[in-house]
Amino acid sequence: MSGKIKVLYIVSTLARRGPTNQLFNIVSNLNDDDFECKVVTLSPEAEDTLLPKFLQHGIEVKPLNLSRIGGFFWGCSSLKKVIYLYKPNIVHTQGIRSDGFAKWLKNKFGVKAVSTIRCLPNEDYPLQYGKIVGHLMAYRHLTILKGLDEVIAVSKSIDQKLSITTTVIQNGCDISRFSPVSDDEKLDLRRKLGLPTDRIVLISVGHLSARKSPLTIVRALMLVKNRKDFELIFLGDGELRPECEAVSKNEDNIRYFGRVNNVDEYLKAADAFISASLSEGLPNSVLESLACGVPVILSKIPQHQEIFESYKDEGLFFEPNNENALSKILTSLTASGLRSLPTRTIVENNFDARQMSLRYQTLYKSMVN
């Protein structure tokens with residue numbers, strides 16, 4: 001074909017979370033000579049949105065401002081108008097709601113439809129919505145995906161576990177934003193953020209939910225005899241926050257900061273990152289920590305181990321939901337031992353956001369040609 005390839009991205013919102021960051025990584029690195037793009041959001045933005053970041057980068061965003069009920073009644077007609085005006089070659093979506101619209105647009109207008117699947121529906125949805133509703137949603141989502149032209153899995157682990165055919169394009173990290181700092185800069189950041197300069201600072205980032213298993217981290221640290229040598233910081237909010245706070249109410253070195261818009265500063269100020277997740281896509285926060293030169297302590301799930309695929313003996317892993325195993329790792333931690341672990345080279349060699357975007361661009365070209 002001649003001319004630029006027009007890609008229409010459809011998402012629920014541009015909420016400040018991993019999938020939105022990955023969407024920005026894809027779109028902001030598109031080659032302007034070959035591609036033109038527009039982002040459509042289905043629902044109104046919440047206060048914590050990355051919309052300004054997209055606009056500041058010159059990315060066109062069209063908000064439909066539909067509620068979920070409104071989307072059910074008027075979503076198709078609203079998207080129909082966008083299709084007629086923009087005339088995209090490809091519709092790219094992520095998430096069950098936007099994927100459903102992509103399938104409809106493909107069948108109605110013959111537009112090429114691609115989705116990025118960032119989780120394992122059969123694992124994640126039951127944890128998030130309950131077993132019955134979760135499994136029904138997973139079945140529905142996988143049925144939708146089968147009707148699209150391409151499905152992209154963000155990790156090899158997802159590709160291997162899904163019952164549908166996918167192409168693997170692993171998540172990427174903005175290595176210019178997430179980068180190591182010197183020891184002096186780390187101390188300055190700790191003072192700025194109100195973090196101790198005489199303790200090993202541990203950071204955990206993510207929604208405080210059953211899938212992320214934050215209580216495993218809290219209870220593990222409470223089992224460590226020298227736990228006062230550590231400062232544990234949680235960045236994120238969620239339904240398990242009250243229970244976590246109740247369990248650790250007598251521990252003055254376990255703190256909950258909620259959602260923040262300067263995660264990169266906290267990561268750069270930390271000595272180690274911890275994730276006890278039971279299921280993931282390919283976690284942004286782990287890649288970002290490594291890019292900042294911060295070693296990671298991770299639950300032993302395939303999505304975590306995949307990051308260290310080229311470094312078979314590296315990383316600190318513990319069995320999921322096993323607070324005793326994590327406690328043993330924490331007990332043996334030393335600042336010098338942490339500094340010896342591999343970090344940034346893993347991301348530079350395998351998970352650079354620019355390379356990820358190039359892989360999507362190659363896919364787009366193959367779809368229209």
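**Exercise 1.** Is Thr13 buried, partly exposed or exposed, and what is its relative accessible area?

*Solution.* This is a predicted model, in which local features need pLDDT of at least 70 and side-chain atom pairs count only at pLDDT 80 or more, while totals for chains, interfaces and linings use all residues. Residues are numbered from 1 along each chain as its sequence is written, and side-chain values use heavy atoms, with hydrogens and water left out. Thr13 has a relative accessible area of 18%; buried means under 20%, exposed over 50% and partly exposed in between, with a 1.4 Å probe and protein chains only, so Thr13 is buried.

**Exercise 2.** Describe the surroundings of Thr13.

*Solution.* Begin with the loop between strand S1 (5–11) and helix H1 (18–28), where Thr13 is found; helices (H or I, at least four residues) and strands (E, at least two) are DSSP runs, numbered from the N terminus. Next, leaving aside residues up to four places away in sequence, Thr13 touches Thr20, Thr41, Ser43, Pro44 and Glu45, where contact means heavy atoms within 4.5 Å.

**Exercise 3.** Work out how the open sheet is arranged.

*Solution.* First, 6 strands form this sheet in the order S10-S9-S8-S11-S12-S13, with parallel pairing; two strands pair if DSSP finds at least two bridges between them. Strand S10 (254–258) and strand S13 (316–318) are the edge strands, each pairing on one side only. Then take strand S8 (residues 200–205) and strand S9 (residues 230–235), which pair in the parallel sense over 6 bridges; the bridge partner of Val205 in S9 is Leu235.
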